[in-house]
Amino acid sequence: MPKAALPVLMLALASAALAGCGRSEVPTEPPQQVQPPTSQPAEDKAAERFEDVIESGTGSGSFNFEAYAYDCDGLKVTVRPGDEELTVILPDHSMVLPQVEAASGAKYADGENGFWGRGINSGQLTLDGKDIPCELDRPATPWVDARARGAVFRGVGQEPGWHVEVHPERIVMVYQYGQKRAVVPNTGTAASADKSKREWQATTEEHEFLLAVEDRACTDVMSGEIFPAAVTATLDGRQYTGCGRDLE
C-alpha cells in the first residue's frame, strides 16, 4: 500500500466505527453515502478504494473526522490525522509524529514515542518506549472532533436524536436522527443578569431558531451521562431539549 494512503485508511476505519455517533457537518444517522464530486481530489479517490471496508463495518460513507478520542489504559488521548503526520494530544502535552512504514494499519513514530492505529477500534500508544493499548472512545469522539473544527459549544438530545454546535460564525443543528440539517448565523449571545443562562437567536429565510443554555446539571436520557448545562433548541416552532457543554 502506498505510504500516502495510510492516513486515509486510518480515517476510513475509524469513521466506520463512528458512523452512529454523529457530527454536525454531515448527517450520520442513518449513514448517508457521500457522492464524490465530478473532479475528485487525490485523497477522495484514495478513500473510494476503502469503500468496501467501510460498507462491511458498522456504517457506510466516509466522514473524515478531524479528531478521534481514545482511551489508552485510562489515559485520555486525542489524535488528529494530518498529511503524513499525526498530532497526539495528551492531558499535559502534545506530540506531532511523522508517519512511518507499517505492515498494517497506520503507524506514526518519533524516537520512543508513537501511535499505531490497527483495525477499526483499537490502537497502540507508545510513550518513552512503553506500549499502551488503546480503544476508540466512541461517545467522546464527536465532542473532540467538534472542538477540532472550531465549535465552542455542543449540545445533544434524544427521541428523535439531534445535536447542535455553536461556532464563532454559525450555529449548526442536525436533527431527525441526522436526516435534516439547519444552519443559521451566530449573531452573538445574550446572557441573563446572573449569567446562568445564555441565548442565541437567529432568523433566516428558511429558519427561526433559538438556542437556550442553562448552567445546571443535566442527565442525558440515553447514556445517563451528566452534563454541566441544560439545552433547549427551538427550530421553526418545534422545541428540542437535551444537555451540553462548552468546548473551549
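Modeller: Two strands are taken to pair if DSSP finds at least two bridges between them. In this predicted model, strand S18 (residues 229-235) and strand S19 (residues 238-246) pair in the antiparallel sense over seven bridges. Within that pairing, Ala230 has Cys243 of S19 as its bridge partner.

Both strands belong to an open sheet of nine strands, ordered S12-S11-S10-S9-S19-S18-S15-S14-S13, with antiparallel pairing. Strand S12 (180-185) and strand S13 (189-191) each have a single partner strand, so one side of each edge strand is left without a neighbour in the sheet. From one strand to the next, the twist averages 20 degrees.

Helix H4 (residues 141-148) lies across S19 and also across strand S9 (153-157) and strand S10 (162-166), running at about 145 degrees to S9.

Turning to the salt bridges, Arg198 and Asp215 meet through their side chains at 3.6 Å, N to O. Arg198 lies in strand S14 (residues 197-203) and Asp215 in the loop between strand S15 (208-214) and strand S16 (218-219), so this pair ties together parts that are 17 residues apart in sequence. Arg198 is buried, with a relative accessible area of 18%, whereas Asp215 is partly exposed at 42%. A further salt bridge joins the side chains of Glu214 and Arg216 (3.8 Å, N to O); Glu214 is partly exposed at 30% relative accessibility, and Arg216 is partly exposed at 45%.

As to confidence, the chain averages a pLDDT of 78, and 73% of the residues score at least 70.

Technical notes: Residues numbered from 1 in each chain as written. Predicted model: local features only at pLDDT ≥ 70, side-chain atom pairs only at ≥ 80, totals over all residues. Heavy atoms only, no water. Helix = DSSP H or I, 4+ residues; strand = E, 2+ residues; numbered from the N terminus. Axes fitted to C-alpha atoms, helices over the stretch in contact; angles between N-to-C directions. Contact = heavy atoms within 4.5 Å. pLDDT = per-residue confidence, 0-100. Salt bridge = Lys/Arg side-chain N within 4 Å of Asp/Glu carboxyl O. Buried < 20%, exposed > 50% of the residue type's maximum accessible area, 1.4 Å probe, protein only.
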